[in-house]
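Q: Hi! Could you walk me through this structure? I have a handful of questions about it.

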Amino acid sequence: MMRPFITQRTGTSVLLVLLMLFLGFNVSSTFAQVSKTITVTGEVTDDQGNPLMGVTVLVVGQSNLGAYTDIDGTFSISSVPSNATLRFSFVGMKTKDVQVAGQTKLRVQMDSDQELLEELVVVGYSTVSKESLTGSLQSISGDDLKVSTTPSVENLLSSRAPGVYVAPGSGRPGAKGSVVIRGKSTINGSTAPLWVVDGVIVGTSAGTLNPNDIETMSILKDAASTAVYGSQGANGVIVVTTKSAKSGKLSVNVSANGGITRLSHGNLQVMDGAELYDYYSSFSNAEHIKFDRWKEDLRNSNFDWWDFATQTGSISSLDLSLNGGTDQISSITSLGVYNEEGAVKGYDFTRYNFMFKSSYRPTEWLTLKPYISGSMQTVSDRQHSVAAMYSNLPWDSAIDSEGNPVPHRSSLWVNSNSTNYYYDLQWDKSSSVSYDLSGNFDFDVKLTNWLTFASVNNYRYSNYSSSSYTDPRSSGGEGVNGRVSEYRYDYTRRYTNQLLRFNKGIGTHYLNGVLGYEYNDARIRDISTAGTGLVAGFETLRPTTKPEKADGTISEWAVQSIFANLNYSYDDRYLAQFSLRRDGASNFGANAQYGNFFSVSGGWNIHNEAFFDSSLFNALKLRVSYGSVGNRPDALYPQYDLYSATATYNGVSGLLISQVGNKDLSWEKSYTAGVGLDVTLLDRISLTLDLYDKNTSDLLYRVPVSGLNGVTSVWKNIGAVDNKGFEITLNADIIKTNDWDWSVGMNIGLNRNKVTSLYGTPDPITGEVPPIIIGGGLGIAGEAHRILKVGMDADTWYLPEWAGVDPDNGSPLWYKNTLVDGKRSRETTSNYAEAEMVPVASYNPDFFGGLNTQLRWKNMDLSAIFGFSYGGEIYNYTRSEYDSDGAYTDRNQMKLMSGWSRWEKKGDKATHPVPSYNNSSNSNKTSSRYLEDGSFFKLRNLSLGYNFDLKKYKIEALRLSLTGENLFTLTRYSGVDPELPASDNGSIIGVTSTVYPSTRKITLGLSLTF
């Protein structure tokens, strides 16, 4: 019997040895794999092939090992295990995991995530994610703006963001709105924010930018966001990014809109012939009414001036864009035309826009970005009189029985001393044309993987010219035998900024920032000429026989700045920001020509903390900020002693002193502290809360002086204003399914304004500085006044206080507020001269905001935008004319609002005194009687659309929409619209005279992309 080759003991030993060898091999193999590391480099692009900067690249399982991509989308990570997994994440893109598998060079393409794309926002000189923001701002996408058909970019912001108040332009075609962010921080200068378009500071308005070219708009509100703009960011900053060139196949988009407009009466309704006759008949002294046509049949004379002057206006727009290219070169070209025929007859507005942007990468380290845009606007003006629509008597007709215009001062008219504007429109007319051209040559130079030099260089030229012809036969020309006027305005502006941008990540630490120099200047030249004495029909200056006016000015200004902005993030949990800017401006003296501005802010992403594990919260961030911004005077040369060369004496030209300079005039400075909270719940609800306190000191103001030397005011820094406010933004996705989407949103802002100091000598008894009384903003006789007083709102009305109507005799009453034994007694008087002027109210609203909702079912969608405002007292100046109790007998009168009544007999508790012919009771004089609540609730926009799926026909998108704007307004305000248009200089005032009414619009739109 043979023995086994291996005994049991020997076999056991061999097995142990083999097992040890096996285990040793695997252990050593494992250690070999762990210890084998490589350096991985790569390039990250979007789904269009464009490089992505700032992408986070992390080794899965090792949070301290990773990198960020540079401006070319490249990255490099050392000591990467050869079998590791890299995770790529970037706001706006879907997170992507890639196996290294021993590769040392990767090319990664990330796909867009439309939901996350909304989290990218453009701020000062950079683009960041909302999660890394430490400041307060609101971002609005171009898609959200498409539902509006207004040609004014400013008006697009109505009810879109908390704390952003928009005074719309009038209903006249081409009118623009004015924007105020977080209250009024000055008492004399402009309240308009700074507008920045594609990195270029363009001024205090968006200019002639085509709304259809906008990609995004960011509204920067607090110091953390605006301090990097220094003296130009005192009133907030609006950053506009236009559509950019994309690589890939050529994309063509055509959009067309057409619609109609109608004027809105509002609550201001004037009387017809019968109503006006009955009103006159009710006068307490009706027996004194004596004119030839004062007979019963006058009730049947009813010419409708409103209907005569208005029509169904029309609007149309057509936009074309072409976008495409390669990874090396891409471009976008857009063309647009907008035309509107006014709802008041005789006014036509047309605007043409074009834009060309390109991106060219001749090498890996250089990117060239030429950009040119322009516009032309034309206006043809033979507009019917808006004032006459309200004021002209219904008993007087613009045309005779044969349809011919009635001549001036016609005996056919009751108001036979008046002129007929329609008679003048046979000949009188005006027109204007404006051009705006802007060109950029921008480029980026990649110095290292983390450092880039960026250069923005812009030149802008604007020209406006107008002409008017006043016929010798017209009311305005008969006294001078006709007039021809010409005006020309030329504006050139140069702008450049040179930036060093850095973007560096080390493990969980991320640092990015910018260091820059900026310069911009402008030259403005205007010429105005007029001549009189001409033969009817000649519409140029040469045939005029007498030069009436020859005037012209040249103005220049310049600003230069150096600045730095630094952002730091640790592990996406702790955020910090710091900015510093030094500005120098030409409209300050050598003693105070430069100003320094700063901001510091921080943020805490609580939801990224390990201890914060909640299925309820998707995001929870706390923000704090503090910083300063500045403001300059609206005058260009307040530091100089100036002389006027327009004076003459005995036919000889001479000089007169016109201004005493102030070389110590300094910057207005606003210091703002803010706290904010951003919350996202259940991936459906988002909430943003902001609390702020903005104190503006060294207010710039023209201080009145004695005038002994011929100068009546001097520029000084005289006081301070404080604005405190609270803002809320709430959005919720109520339904999210494949077929149904329904979301709602709300924003609300409130601001409290208070004067905290003024110039002047304190009263020795009370210790109070005397208040300053200023005009209401209209610049006309009899307007309401405002008062600047420490402790009061800067927009407080200062008026005689209306006490109502005496129930015994129907007389008007005011308060005397007399002193009795040292105490103020509120006695009433019917003598207007005895009425005491007192602070009564402010026209700033208590709060304002907007509501919006979007509903989608399959390919059909419905959206609505509402706006509201509560509180604020508007001075309705038009009532002093059209609700005059008989004081004005040469113009029509308004109908009484519901709840109003006129005194008729003793004991009546009426809102209106007894009317009388040529009333001399002064009841329509300036007083708090005409202050009215400016609260309103509006449906700004309602849009219904359908998206057709035609991809099988190679049509990327086809959308048909029906949109209505300004469809209804709920208000107790008795005027045309409680949203008062801005004044001619863009300032927002709380008083209204006769204005072009707002319009309701209905438009049909078509958008095609292929």
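This is a predicted model: local features need pLDDT of at least 70, side-chain atom pairs count only at pLDDT 80 or more; totals for chains, interfaces and linings use all residues.

Q: Good to know. Let's begin with the open sheet of three strands: what is its order?

A: The order is β4-β1-β7, and the pairing is mixed. β4 (74–81) and β7 (105–109) are the edge strands, each pairing on one side only. On average, neighbouring strands of this sheet are turned by 30° against each other, direction ignored.

Q: How many bridges join β1 to β7?

A: Five bridges, with β1 (residues 37–45) and β7 running parallel. Thr45, for instance, stands opposite Gln109 in β7.

Q: Okay, switching to packing. Which residues touch the most other members in the largest nonpolar core?

A: Those are Leu157, Trp195, Met217, Tyr229 and Ile238, out of 42 residues in that core. In soluble globular proteins, nonpolar side chains tend to be buried together.

Q: And what does Leu157 touch, leaving out residues up to four places away in sequence?

A: Leu157 touches Ile140, Val166, Val179, Trp195, Met217, Ile219 and Ile238. Apart from this core lies another one, of 22 residues, and its members include Ala388, Met389, Tyr390 and Ala398.

Q: What about β36 and β37?

A: That pair is antiparallel too, with 16 bridges linking β36 to β37 (residues 740–757). A hairpin of three residues connects the two strands. Asn723 has its bridge partner in β37, namely Asn753.

Q: What lines the largest cavity?

A: Its lining has 43 residues, and Asn155, Pro168, Gly169, Asn966 and Ser998 lie nearest the centre. The elements giving two or more residues to that lining are β51 (936–948), β52 (957–971) and β54 (999–1009).

Q: Which element gives the largest share?

A: β51 does, with three residues.

Q: Some single residues next. Is Arg879 buried or exposed?

A: Arg879 is buried, because its relative accessibility is 4% and the cut-off for buried is under 20%. Arg879 lies in helix α9 (residues 879–882).

Q: Which residues is Arg879 in contact with, leaving aside its neighbours within four places in sequence?

A: Ser884, Met894, Trp900, His912, Arg929, Tyr930, Glu932 and Ser974.

Q: Nice. And where is the place of Thr191?

A: Thr191 sits in the loop between β12 (178–181) and β13 (194–197). Thr191 counts as buried because its relative accessible area is 11%. Leaving aside neighbours within four places in sequence, Thr191 is in contact with Val179, Val180, Lys184, Thr186 and Asn235.

Q: How far is Thr191 from Gly236, C-alpha to C-alpha?

A: They are 9.1 Å apart in space, with 45 residues separating them in sequence.

Q: Last topic, the backbone. What is the phi of Ser159?

A: Phi of Ser159 is near 65°, a positive value in a residue other than glycine. Most residues other than glycine have a negative phi. Ser159 is found in the loop between α3 (142–145) and β11 (164–167), and at 10% relative accessibility Ser159 counts as buried.

Q: What about the phi of Lys954?

A: Lys954 has a positive phi near 65° as well, and this residue is not a glycine. Lys954 is placed in the loop between β51 and β52.

Q: Is Lys954 buried or exposed?

A: Lys954 is exposed, because its relative accessible area is 72% and exposed means over 50%.

Key:
Residues are numbered from 1 along each chain as its sequence is written. Side-chain values use heavy atoms; hydrogens and water are left out. Two strands pair if DSSP finds at least two bridges between them. Helices (H or I, at least four residues) and strands (E, at least two) are DSSP runs, numbered from the N terminus. Axes are lines fitted to C-alpha atoms, for helices over the stretch in contact, and angles run from 0 to 180 degrees between N-to-C directions. A nonpolar core is a set of buried Ala, Val, Leu, Ile, Met, Phe, Trp, Tyr and Cys residues joined through side-chain atoms within 4.5 Å. Buried means under 20% relative accessible area, exposed over 50%, partly exposed in between (1.4 Å probe, protein chains only). Contact means heavy atoms within 4.5 Å. On a 1 Å grid over the protein atoms alone, a cavity is a set of points where a 1.4 Å probe fits but cannot get out, and a pocket is an open set with protein on both sides within 12 Å along at least five of seven lines; lining residues have an atom within 4 Å of a point.
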